[in-house]
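Here is a friendly walk through one model, from its surface charges to its core. Have a look at it first, then read on.

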Amino acid sequence: MNFEHWNTKLDFVKHRKKFFALSIVILLLGIIMLSTVGLNLGIDFRSGTTIDIMADDTITADEIRGHFEEVGYTPDDVTLAGEDNNIGRASFIGGLDQQETLEIQNHFDDVYGSMPNVSTVTPLVGEELARNAIISVLIATVGIIIYVTIRFEFLYGLSAIVALFHDALFIVGVFSIVQMEVNIPFIAAVLTIIGYSINDTIVTFDRIRENMTYEKKVKGFDDLARVVNKSLVQTLARSLNTVLTVFFAAAALFFLGGDALRTFSLALVVGLIAGTYSSLFIAAQLWLVLKARQLKKGRRRVKQSEREQQPET
């Protein structure tokens, strides 16, 4: 796809306020859901017990639940893995004691001929995982803003970080709405999207900077808007081709990858959409607004200085 011949028809800058308003509405909905419903935190971030059942043939989630009910237990979540869905993982929020675990292991040993693997996450471990996840996102964010500021300028870095927070909050808001389990693969997907989104944003910023060098003199908003719009049109095809390629791969992973990869793939799909949108319609547009204000303040300072230097009559 090539959109450069549409340069005179496509005007992204003209609709910047609509883009900003749409993002604000979506993010507000996400914040409302987070504050009222919250996230469906998985066992990775809460105390609990996971039991992995191995079978020789294909098993179903209902089959696993039925076996647990036979011994008087109801798992909070059951997922399947393996090439033939011959591995079942049952999660119990809050955990099981040693006697309960032994009773379950013996039952499944009789049914499938192998002892299930049991792992327990304590509250301390869950808190540490959550803390490390937040720290990893913050470190990635700080590193990105430093890199973008050094490579370009501070306004580019500020715009990029706002876009990244937009993407992260968008993903979290969607997961709060659909109430899909948030676990370690979810954090991996968020970090992946941060890397993808900042790469897409840098490509756009690099084209803006390149086109700025061709301008003899940028006086104000209109000159900046022309440069930004031209840069967005030039990078639009690249952005869409990239996101569609990854989107189809992530979508295939969602439908064919099994329950174990569903959280990761859904977060990836949602993040790809949010990341592409923010790179084209949030980061570049926000830089335009901030840069125009900077130029305006600079002109005011120059005029003030000129007035102060004029001799009194």
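Glu83 is exposed, at 82% relative accessible area (buried means under 20%, exposed over 50%, partly exposed in between, with a 1.4 Å probe and protein chains only). Glu83 sits in the loop that links strand S2 (77-81) to strand S3 (87-93); helices (H or I, at least four residues) and strands (E, at least two) are DSSP runs, numbered from the N terminus.

## About the model

This is a predicted model: local features need pLDDT of at least 70 and side-chain atom pairs pLDDT 80 or more, while totals for chains, interfaces and linings use all residues. Residues are numbered from 1 along each chain as its sequence is written, and side-chain values use heavy atoms, without hydrogens or water.

## Salt bridges

The count comes to 5 salt bridges, each a side-chain nitrogen of Lys or Arg within 4 Å of a carboxyl oxygen of Asp or Glu. One of them pairs Arg89 with Asp52 at 2.7 Å, N to O. Arg89 is in strand S3 and Asp52 in strand S1 (residues 48-54), so this contact ties together parts 37 residues apart in sequence. Asp52 is buried at 16% relative accessibility, whereas Arg89 is partly exposed at 38%.

## The nonpolar core

The largest nonpolar core has 59 residues; Ile171, Phe186, Phe205, Ile208, Val228 and Trp287 touch the most other members. Its residues are buried Ala, Val, Leu, Ile, Met, Phe, Trp, Tyr and Cys, joined through side-chain atoms within 4.5 Å. Helix H8 gives the largest share, 17 residues.
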